[in-house]
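Below is a briefing on one protein chain, grouped by topic. Please look over the sequence and the model before reading on.

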Amino acid sequence: DLIYSNNISSTHYRLIWFSLTLFAISLPFHGIEFDLFSVNRFELKVTMVTFLLLFTVCLFRPFNFQLKKNFKKILLFYIFAFTYGISQFASLINSPMPVESIKQGIIIVLLLIMMIVVSESILDKKIAASIMTTIGIVSLIIGIIGVIYYFLFTDYSFRLGNNNGDIGIISLGGDAAYFGDMLLYSIGSVFFVVFKLSGRVYWKWIGWSLLMLWFSAVVVTYTKGLIIAVISFLICLFFILKERRTFIVVSLILFITTIIFVSKIPKIVSNVSNIIINSEGENHIQHSPVRIYDLSSRLNIVSTVGSSSVWIRVKAYVVSLNNSTKHFWFGNGAGLSQKLLPELANDYDRIVDEKTKRFMEKNFIYGESANRSLIDSHNLFLTEFFNVGIIGAISLTCLVVFVVIEQIRTLKITSSGRDNVNELLFATLIAMLIFRFTGSFVVIPSLWFMLGLSFGVCTKMFSTVEYCDTL
């Protein structure tokens with residue numbers, strides 16, 4: 001660690017640690033916006049302020065790449081990020097809405113800069129462990145408050161997160177899938193905290209209780225991709241954390257039990273108003289004092305609701321791929337999937353054969369009303385293929401794969417020790433990528449933050465090992 005810290009004063013070290021911690025705390029509140037500038041998509045966010053502080057502190061940090069091999073890895077990391085950033089603006093060649101594409105390009109470039117700054121802010125494993133502790137505690141607080149408020153104090157039938165991320169004391173913005181992604185990016189940090197608690201006799205059962213409540217928050221988002229991602233996280237940990245396999249198996253059993261139990265709890269809503277149309281076509285408002293909602297059908301892929309949510313994603317894949325090949329190299333325009341895909345889906349509905357039409361009608365995925373929700377391919381890489389073409393999609397894929405490979409190499413060469421920092425980050429990133437196959441979330445900072453944090457940990461751990469080998 002000293003090879004990265006010896007040119008940094010203790011004051012500067014503390015400033016980087018403090019500003020990175022502040023930024024990590026602010027990440028879950030990224031969806032809260034203040035429209036001060038009246039410029040769409042550039043509303044003021046708390047993360048803008050905290051990142052500006054982090055960027056300023058890091059700007060005056062002395063960089064010292066003493067290892068040529070490590071320098072080449074960092075340079076390659078930068079090249080993939082730079083190519084992906086350039087692809088955003090190259091998509092202007094085909095973009096029917098250049099202003100929107102320029103906005104998207106600026107946002108993506110800022111997220112890439114954020115990723116790089118985070119990676120360079122990880123000066124040693126001590127900072128990484130501190131950041132994970134912070135993220136884990138914040139996530140546990142948000143998840144537990146959210147699930148308690150959802151069951152005991154809400155009077156609406158939506159999934160957790162769907163009511164603008166309302167958790168009682170604050171609205172975090174977004175929807176259930178966004179709320180779920182906010183929980184998922186912190187799952188490794190949550191386990192980092194629970195691991196610490198489980199090592200203390202008197203805190204062990206508190207740790208399990210906190211984990212069960214946090215799992216409950218995951219479940220009541222009723223997001224299938226999120227649940228699959230959490231299970232993937234636990235399976236991944238099972239194979240790479242041999243000394244904690246019993247703990248992980250118990251955690252998996254606890255999560256499955258939570259799914260079965262919590263999803264069966266009915267959501268009771270009072271004072272429900274429905275619009276009833278009588279035989280003469282007149283509208284009447286009918287008030288119902290109490291209604292019981294069963295949202296668990298969303299998790300059942302053979303149910304009407306569950307199968308419909310699956311087939312709408314399949315339709316999104318087909319429509320997106322069909323229209324991606326028309327602008328193969330540079331895409332249809334950065335950030336335009338949400339604006340173009342619904343109308344392209346309407347065009348697709350007009351040309352399908354009668355058999356396909358009946359199938360889509362049966363699964364409620366045919367027509368303009370169904371296509372309004374079809375704003376992207378529900379897959380990060382396919383969405384970016386549509387938006388910025390094959391160049392952008394490949395550079396993004398290379399960036400992600402490069403970080404994953406570096407994590408695997410780090411796991412093979414060295415161990416994170418008792419903290420299991422890199423193992424938990426690796427499993428988190430794998431879970432996030434699996435979730436990105438069911439949703440894009442390209443402008444949500446969580447994935448970019450995790451890529452930067454993971455790569456920063458890899459480069460620092462590798463540098464320490466290689467440096468020691470030369471002594």
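How many salt bridges does a search of the whole structure find? The search finds eight salt bridges. The structure is a predicted model, and its protein chain has 471 residues.

**The chain as a whole**

- The protein chain contains 18 helices and four strands.
- Of its 471 residues, 54% count as buried.
- The accessible surface of the chain is about 21600 Å², and carbon and sulfur atoms account for 67% of that surface.
- When contacts between residues at least 6 apart in sequence are taken, 75% of them join residues at least 24 apart.

**Salt bridges around Glu-406**

- Side chains of opposite charge can pair when their charged atoms come close.
- One of the salt bridges pairs Glu-406 with Lys-73, with 3.8 Å between the closest N and O atoms.
- Because Glu-406 belongs to helix α16 (residues 380–413) and Lys-73 to helix α4, this pair ties together parts that are 333 residues apart in sequence.
- Glu-406 and Lys-73 are both buried; for Glu-406 the relative accessible area is 5%, which falls under the 20% limit for a buried residue.
- Glu-406 also forms a salt bridge with Arg-409, at 3.4 Å from N to O.
- Both Glu-406 and Arg-409 are in helix α16, where three residues, or about one turn of the helix, separate them.
- Arg-409 has a relative accessibility of 30% and so counts as partly exposed.
- Through shared partners, the salt bridges link Lys-73, Glu-406 and Arg-409 into one network.

- Asp-347 and Arg-350 meet through their side chains in a salt bridge, with an N to O distance of 2.3 Å.
- The two residues are three apart in helix α13 (residues 337–351), so about one helical turn lies between Asp-347 and Arg-350.
- Asp-347 is partly exposed, at 33% relative accessible area, whereas Arg-350 is exposed, at 55% relative accessibility.

**Nonpolar surface patch**

- A nonpolar patch on the surface is made up of Phe-55, Leu-59, Phe-60, Phe-89, Ile-102, Ile-106, Leu-110 and Ile-113.
- Together these residues have about 700 Å² of accessible area.
- Helices α3 (46–59) and α5 (98–121) each contribute at least two residues to the patch.
- The most comes from α5, which gives four residues.
- Ile-106, a patch residue, sits in helix α5 and counts as partly exposed at 34% relative accessibility.

**Second largest pocket**

- The second largest pocket holds about 320 Å³ of space.
- It is lined by 16 residues, of which Phe-55, Leu-112, Ile-113, Ile-116 and Val-117 are the closest to the pocket centre.
- Two or more lining residues come from each of α3, α4 (68–90) and α5.
- Phe-55 and Ile-113 belong to the nonpolar patch and also to the lining of this pocket.

**Cavities**

- Rolling a probe the size of a water molecule over the atoms shows where empty space is left.
- Two cavities of 30 Å³ or more are present in the structure.
- The largest cavity has about 70 Å³ of space.
- Its lining consists of Leu-27, Pro-28, His-30, Tyr-178, Asp-181, Met-182, Tyr-185, Ile-444, Pro-445 and Ser-446.
- At least two lining residues come from each of α7 (176–184) and α18 (445–470).
- Helix α7 gives the most to the lining of the largest cavity, with three residues.

- Val-218 is part of helix α9 (residues 204–219).
- With 1% relative accessibility, Val-218 counts as buried.
- Apart from neighbours within four places in sequence, Val-218 is in contact with Leu-183, Leu-226, Val-230 and Phe-255.
- Val-218 and Ile-259 are 41 residues apart along the chain, and their C-alpha atoms are 8.9 Å apart.

Methods. Residues numbered from 1 in each chain as written. Predicted model: local features only at pLDDT ≥ 70, side-chain atom pairs only at ≥ 80, totals over all residues. Heavy atoms only, no water. Patch = residues over 30% accessible without salt bridge, like charges linked within 9 Å, V, L, I, M, F, W, Y side chains within 5 Å. Areas by Shrake-Rupley, 256 points an atom, 1.4 Å probe, with all protein chains shown as cover. Salt bridge = Lys/Arg side-chain N within 4 Å of Asp/Glu carboxyl O. Buried < 20%, exposed > 50% of the residue type's maximum accessible area, 1.4 Å probe, protein only. Contact = heavy atoms within 4.5 Å. 1 Å grid on protein atoms, 1.4 Å probe; cavity = no way out; pocket = protein on both sides within 12 Å on 5 of 7 lines; lining within 4 Å. Points joined across faces, edges and corners; volume = space filled by probe spheres on them.
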